[in-house]
Amino acid sequence: QHYLRRIETFDGQINSFITVTAGQALAQAAAADEKLARAEGGPLTGIPLAQKDIFCTQGVKTSCGSRMLDNFIAPYDATIVRKLHHEAGMVMLGKCNMDEFAMGSSNETSWYGPVKNPWDLTRVPGGSSGGSVAAVAAGLAPVATASDTGGSIRQPAALTNLTGIKPTYGRVSRYGMIAFASSLDQAGVVARSAEDAAYVLQAMSGFDPLDSTSVDRPVDDLVAGLNRPIRGLRIGLPKEYFAAGLAPEVRARVMAAVGVFEQLGAVISEISLPNAPLSVPTYYVVAPAEASSNLARYDGVRYGYRAQGVKTLEELYKRSRGEGFGPEVQRRIMIGTYVLSHGYYDAYYLKAQKVRKLICEDFRRAFEQVDLVLGPTTTDVAFKLGAKTDDPVAMYLNDIYTIAANLAGIPAMSLPCGFVDGLPVGLQLMGNYFDEARLLNAAHQYQ
Ligand code: GLN
């Protein structure tokens, strides 16, 4: 009731929810109360949570921020929805606003309008999980799910003073998470602390036979080791992440945090990820290629938006997709079909896959020398609404520090490390495959 009241009072200004599921939330809360009264349930029983609107929720609209799915009521629950609500007993407050099909870095491509950053309502909250972070930052939910294809958990967490973690690719099931770029998409969580994030991520994780890319490996205990001292932890600072383009005030906050890690006993060294500067161009070939294929299913026939008054099948496809998808989604589909087309495939798509491999190799070498990699999450603090909407390339450069982790599939997180002129700054930690427990331990010790 506390959170539902806050949503009602404040979300008119912030726009972080697309759907509020008040009735369902109160019913789930009552069921949780009964469970707890019988001394059943676990640490998350009865804790409210907001779901990014990319996760299918049975009987509840799942729009993915798009007009294309504005009329879509999911007929089944995503695996993480089942795990969090049906198994862990969390209470769903509603579905959070997001960039359309998770394509964006500012939550301005949503069919439901932009989300405002609670720290400054004239600024963006980041994207694509802008609704999830704004809801948690404004105290409209204690924790929220999110997804990260190129930075969509970490960048918005950084811009709103939250802790957000994207686990290893394959750690969390993608079943029922609407696909953007399947080889990069991974679900995760945004929270007020690494400790909160650990509990929720633990409950989401695990092998799922319904997702062929889910990894069959036991889930580590992410909570038990949070209080372990980090003396001797080897942290590498990639020099490419501190090069030109990084705002000096952001660099100062990140370096101050490095000092704290040093005081905690971490051993800091400089490392190199030589191919990291190629991650943005590589991503903007691979991600649109996969998106163009994944989004082919929205044809106006099976489900989703259907244009009215059409005469031929071709007109049905053209108008349904032309009216149902917004401009950024259309741009990605055009880029994707172009790089996959005969005659261009070798020059773009195949080349990008080769560079992707080089980026993976950079991390493999780095993790022979260090346990964690540390750098800034973003080049600067939250920008003004509208500042980059006319310049896609400037918008794409937002993810310059986050994309490499998706291309390699390694876990990565952002945590708050101070403010510049009242606006939050985030630092990023990246770990080796399945090293979520170590990431969360380091973050918790810092916090
Ligand atoms: N901002 C990036 C993009 O627009 C990443 C989005 C994401 O991680 N979903 O594609």
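**Overall fold and active-site surroundings of the predicted model**

Of the protein's 447 residues, 56% count as buried; a residue is buried if 20 or more other C-beta atoms lie within 10 Å of its own, exposed if 12 or fewer, and partly exposed in between, with C-beta atoms placed from the backbone. The model is predicted: local features need pLDDT of at least 70, side-chain atom pairs count only at pLDDT 80 or more, and totals for chains, interfaces and linings use all residues. Residues are numbered from 1 along each chain as its sequence is written. The mean pLDDT of the protein is 97, and 100% of its residues reach 70 or more; pLDDT is the predictor's confidence in each residue, from 0 to 100. For the complex, the predictor gives an ipTM of 0.97 and a pTM of 0.98.

The protein has 14 helices and 11 strands. These are DSSP runs, numbered from the N terminus: helices are H or I with at least four residues, strands are E with at least two. A compact globule of 447 residues would have a radius of gyration near 22 Å, and the 21 Å of the protein agrees with this. The radius is taken over C-alpha atoms, and the globule rule is 2.2 Å times the number of residues to the power 0.38. Along the principal axes, the C-alpha atoms fill a box of roughly 70 × 65 × 45 Å. Among contacts between residues at least 6 apart in sequence, 75% join residues at least 24 apart. Two residues are in contact if their C-beta atoms, placed from the backbone, lie within 7 Å.

An unreviewed UniProt entry places the feature "active site" at K52, S128 and S152. These positions are spread over 101 residues of sequence, yet they cluster in space, with a largest C-alpha distance of 11.2 Å. UniProt positions follow the numbering used here, feature names are shortened, and annotations may be inferred rather than shown by experiment.

K52 belongs to strand β2 (residues 48-52). K52 counts as buried because 34 other C-beta atoms lie within 10 Å. Leaving aside neighbours within four places in sequence, the contacts of K52 include C96, M98, S129, G131 and S132. A144, T145, A146 and S147 are also among the contacts of K52.

S128 sits in the loop between β3 (91-96) and α4 (130-137). S128 is buried, with 34 other C-beta atoms within 10 Å. A cis peptide bond joins G127 and S128, with omega about 5 degrees. Beyond four places in sequence, S128 touches M98, D99, A102, M103, G104, N107 and S152.

Helix α4 is mostly covered, with eight of its eight residues buried. G139 follows α4 and has a positive phi, near 70 degrees. In α3 (79-87), the buried residues are T79, I80, V81, L84 and H85. They pack against α2 (22-37), β2, β3, β4 (143-148), β6 (186-191) and α6 (194-204). Just after α3, G89 takes a positive phi of about 80 degrees.

C64 has a phi near 55 degrees and lies in the loop between β2 and α3. With 30 C-beta neighbours inside 10 Å, C64 is buried. D421 has a phi near 50 degrees and lies in the loop between β10 (412-420) and β11 (423-431). D421 counts as exposed, with 7 C-beta neighbours inside 10 Å.

P424 is found in strand β11. P424 is buried, with 23 other C-beta atoms within 10 Å. P424 and V250 are 174 residues apart in sequence, but 9.5 Å apart in space, C-alpha to C-alpha. Not counting residues up to four places away in sequence, P424 touches W119, A158, L159, T160, N161, V381, P416 and F419.
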